[in-house]
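Biologist: I've got a structure open and I'd like to learn how to read it. Could you walk me through it, feature by feature?

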Amino acid sequence: MSTIIGAAILVLAGQAASQLAGRGFPDCINGPLKNNTVCDLSADPLDRATALINAFTLEEKLNNTGSTSPGVPRLGLPPYEWWQEALHGVASSPGVNFSDSGDFSYATSFPEPILMGAAFDDDLINAVATVVSTEARAFNNYQRAGLDFWTPNINPYKDPRWGRGLETPGEDPYHLSSYVHALIDGLQGGYDPKYKRIVATCKHFVAYDMESWNGNFRYQWDAHINSQDLVEYYMPPFQSCARDSNVGAFMCSYNALNGVPTCADPWLLGDVLREHWGWTDEQQWVTSDCDAVQNIFLPHGYNETREEAAAQALIAGTDVNCGTYYQNHLPAAYEQGLFDISVLDQALVRQYSSLVRLGYFDGLAVPYRNLTFADVNTPHAQQLAHQAAVEGITLLKNDGTLPMQITSNMTIALIGDWANATTQMQGNYFGIAPYLHSPYYAATQTGATVYLAGVPGGQGDPTTNSWLPVWDYAEKADVIIYVGGVDISVESEGMDRVNIDWTGTQLDIIGQLAMYGKPMVVMQMGNQLDSTPIVSNANISALIWGGYPGQDGGVALFDILQGIAAPAGRLPVTQYPADYITQIPMTDMSLRPNATSGSPGRTYQWYTGDAVFEYGYGLHYTNFSAEIGGSSPSSYGSSSNTSYSISDLMSGCKEKYLDRCAFQTFSVDVKNTGSVASDYVTLGFLAGQHGPSPYPIKRLVAYQRLHNIAAGQQQQAALNVTLGSLARVDDYGNTVLYPGDYALMIDTQPLSFVNFTLTGDEVMLDKWPQPPTPRFQETDYFVGGYGSTYGEKLLINGTI
Ligand SMILES: O=[N+]([O-])c1ccc(O[C@@H]2O[C@@H](CO)[C@H](O)[C@H]2O)cc1
């Protein structure tokens with residue numbers, strides 16, 4: 001009896017699976033592949049993919065090397081588009097196809113990562129990513145998207161000019177590593193699930209963080225980075241992706257690293273990525289950025305011929321080529337004997353075994369097959385999009401005007417080019433949102449009378465007649481709200497910013513509006529601008545940073561303004577003074593301040609000047625105390641010194657990767673000492689004299705967001721600090737645990753400290769694989785602004 005039922009189920013499943021085939025999935029029931037091992041659900045994924053690729057002819061193999069793969073009609077293998085985007089929601093891209101109306105005409109649009117980074121809430125990021133992957137699966141079920149997505153952009157945001165900083169969670173490598181771990185877990189559905197929800201792609205590997213600056217373009221830029229900066233700053237998020245999060249794919253970048261284009265670099269894609277980080281699973285692949293293989297030939301000029309460039313990339317480990325360069329040039333490269341067929345087979349097996357792991361060949365056996373458009377933009381997703389914006393929005397100034405009660409008998413003058421922002425709130429790499437609740441929409445929801453003057457933020461003379469409504473509205477209003485800043489017209493892909501201050505026009509308008517002497521709030525949108533004139537103007541009541549807040553951004557801003565939600569976001573980047581960009585070229589990749597080059601240093605860890613607002617800054621509507629469990633000296637270096645022997649710490653360390661070993665979990669008692677319930681982001685910074693000099697000012701080693709701490713109540717944060725977090729990186733890129741003085745501090749203006757020392761001999765936690773040969777001339781370091789001693793030292797050691 002049960003056999004009959006089983007057979008009936010199989011027949012039904014077979015029919016349904018065949019119907020799926022009509023929707024762009026391979027037909028493993030009735031199609032030509034039905035007897036190929038790729039259709040055997042019980043076989044090992046690698047064996048399944050190998051059997052599939054073994055059935056390809058040479059020509060079919062070469063045809064399927066680009067981002068748009070034609071498949072193999074002879075075998076019933078459908079075409080597959082590898083390029084999907086989902087930076088902060090399923091996004092318009094070659095493989096994503098929104099319908100014009102009805103089902104699949106929209107997807108939830110979350111804030112840009114720069115604002116979600118400001119939430120410092122990994123649980124939130126995991127929840128957002130889970131919604132994104134759910135919606136992606138629903139799109140896939142109806143043939144409106146593939147199963148792999150080229151997100152996240154996890155290059156650290158090292159320079160405030162970078163046009164794509166909005167795509168990242170900020171400037172700190174620890175923060176990015178932790179954020180991306182939570183994100184990938186949500187996108188892929190865990191570390192190693194039987195069926196991945198989707199495949200995520202960590203990009204752009206590595207040192208890609210310049211678009212176009214002073215004659216340097218992303219396509220030809222050769223980033224010169226010494227091993228210490230590389231391992232300490234540029235690599236950690238990618239290590240987190242590969243080694244700690246088991247991400248399904250990587251994308252190599254346009255730029256070169258120390259003379260070698262990243263997509264052509266066997267050391268980077270082989271020794272570092274696959275071997276050192278243990279990303280050895282052959283179900284994971286590397287794609288090039290789009291046309292980056294072409295760029296190896298020109299403008300990098302790294303190879304003599306197009307065929308050599310294509311072959312070099314393939315051999316180096318670039319498995320997929322975004323674009324058509326492989327399809328166009330690998331055939332001739334093969335004829336010229338520039339690569340062995342086994343290398344091409346390996347690349348194809350990696351791709352298709354990844355599709356096996358996504359259930360591409362498994363019909364209805366895949367648990368996500370029942371997702372439909374009803375699972376897109378659900379009430380939960382909408383709530384999360386709103387929450388993500390609220391959690392990230394950061395209060396930078398408040399003279400007590402906020403939270404502001406807005407009543408229906410009030411009049412608001414809402415001014416600025418973001419006042420009625422819609423798609424502006426989505427930044428870049430976005431899809432079609434179900435709705436875009438602008439600040440104006442949110443203002444009208446309060447019941448107050450709203451005068452809207454969406455004046456352009458960029459240019460113009462605010463004394464001319466066309467601006468008259470602004471002054472009229474300000475005159476009539478009880479409250480003035482200016483919503484402006486920057487947007488993707490000045491910071492975007494291919495376009496770095498040329499300055500980081502407010503435009504003269506905007507400052508002129510804001511200054512004049514402040515003279516009305518009314519409650520006035522500035523909402524600073526987009527990325528950071530030097531807001532000194534706003535901070536120092538006593539007539540401006542409050543300054544809120546709102547980033548790119550997504551589909552419910554206006555509502556989130558007004559919820560913060562009115563105190564419906566309490567602000568607890570923290571700046572995920574330093575807000576530099578405007579002249580910072582005159583002190584350091586974008587091309588200088590070094591982090592440490594340098595007297596010879598004049599660099600004031602990069603990021604809060606090394607910047608020696610005065611920030612307008614420091615990394616981690618953010619005000620609340622209440623006050624907090626934060627005590628580190630039991631021991632709380634009043635400052636760094638004062639008493640309560642506990643001493644730890646390095647050898648004792650190491651003897652308890654059983655992890656494969658020593659940096660993962662626990663040092664301590666510091667419990668922090670956080671008390672809301674004010675009168676407004678609020679979230680609190682517990683930031684744990686480490687300072688002290690240990691390891692190679694110079695020492696960073698401080699560095700983030702742990703964080704946890706606590707939620708809704710009632711007035712007068714207390715919650716406890718648990719800050720997990722690893723041995724890796726205590727360690728520093730030496731000149732050769734090795735990660736070393738050093739004896740010396742340490743201090744853990746809670747918050748930016750520390751609310752409490754704990755001091756401790758490590759004693760005994762230093763221990764190497766991670767030995768960095770050196771590139772095979774020195775890869776560029778000593779003089780190159782001088783171009784990059786390095787001191788001569790350093791350059792010599794590096795070359796004497798025959799490495800970088
Ligand atoms: O030719 N195009 O249309 C085109 C569009 C976008 C583009 O940018 C690259 O494509 C994205 C792929 O994920 C990378 O993040 C970005 O660097 C590169 C090329």
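Modeller: Happy to. We'll need element names, so here is how they work: helices (H or I, at least four residues) and strands (E, at least two) are DSSP runs, numbered from the N terminus. With that numbering, Gln-143 sits in the loop between helix 5 and helix 6. Bear in mind that this is a predicted model.

Biologist: What is the phi of Gln-143 near?

Modeller: Phi there is near 60°, which is a positive value in a residue other than glycine.

Biologist: OK. Which residues does the cis peptide bond with omega near 10° join?

Modeller: That one runs from Leu-298 to Pro-299, and Pro-299 belongs to the loop between helix 10 (292-297) and helix 11 (306-316). There's also a cis bond joining Ser-693 and Pro-694, with omega about 0°. Pro-694 is in the loop between strand 20 (678-687) and strand 21.

Biologist: Now the disulfides. How many are there?

Modeller: The general idea is that a disulfide is a covalent bond between the sulfur atoms of two cysteines. Here the count comes to 5. One of them is formed by Cys-202 and Cys-241, with sulfur atoms 2.0 Å apart. The pair links distant parts of the chain: Cys-202 is in strand 3 (residues 201-205) and Cys-241 in helix 8 (residues 236-244), 39 residues apart.

Biologist: And is the disulfide of Cys-202 and Cys-241 left-handed or right-handed?

Modeller: Left-handed, because the torsion about its S-S bond is about -85°.

Biologist: On to the ligand. Which residues come nearest?

Modeller: There are 13 residues around the ligand, and Glu-85, Arg-164, His-204, Asp-289 and Glu-493 come nearest. By class, that shell divides into 6 nonpolar, 1 polar and 6 charged. For polar contacts, look for N or O atoms within 3.5 Å of each other. An N or O atom in the Asp-289 side chain is 2.6 Å from a ligand oxygen. For His-204, a polar side-chain atom lies 2.7 Å from an oxygen atom of the ligand, and for Arg-218 a side-chain N or O atom is 3.0 Å from a ligand oxygen. As for cover, the ligand has 440 Å² of accessible area on its own, and the protein covers 71% of that.

Biologist: How do I tell a pocket from a cavity?

Modeller: Ask whether the probe can escape: a cavity is a set of points where a 1.4 Å probe fits but cannot get out, while a pocket is an open set. The largest pocket holds about 1,300 Å³ of space. It is lined by 48 residues, and closest to its centre are Tyr-174, Ser-177, Ser-178, Thr-722 and Ser-725. Strand 21 (residues 699-709) gives the most to that lining, with 8 residues. The classes there are 21 nonpolar, 14 polar and 13 charged.

Biologist: So what is the volume of the largest cavity?

Modeller: About 120 Å³, and there are 3 cavities of 30 Å³ or more. The largest cavity has 18 lining residues, with Ala-86, Leu-87, Thr-151, Tyr-179 and Leu-183 nearest its centre. Helix 4 (113-117), helix 5 (122-141) and helix 6 (173-188) each supply at least two residues of the lining. That lining is made up of 13 nonpolar, 4 polar and 1 charged residues.

Biologist: And the second largest cavity: which residues line it?

Modeller: Its lining includes Tyr-157, Lys-158, Asp-159, Arg-497 and Tyr-576. The volume is about 60 Å³, and the lining divides into 4 nonpolar, 3 polar and 4 charged residues.

Notes. Residues numbered from 1 in each chain as written. Predicted model: local features only at pLDDT ≥ 70, side-chain atom pairs only at ≥ 80, totals over all residues. Heavy atoms only, no water. 1 Å grid on protein atoms, 1.4 Å probe; cavity = no way out; pocket = protein on both sides within 12 Å on 5 of 7 lines; lining within 4 Å. Points joined across faces, edges and corners; volume = space filled by probe spheres on them. Nonpolar A, V, L, I, M, F, W, Y, C, P; charged D, E, K, R; others polar. Near = heavy atom within 4 Å. Polar contact = N/O pair within 3.5 Å; in protein donor to acceptor, adjacent residues only side chain to side chain. Areas by Shrake-Rupley, 256 points an atom, 1.4 Å probe, with all protein chains shown as cover. Disulfide = S-S within 2.5 Å.
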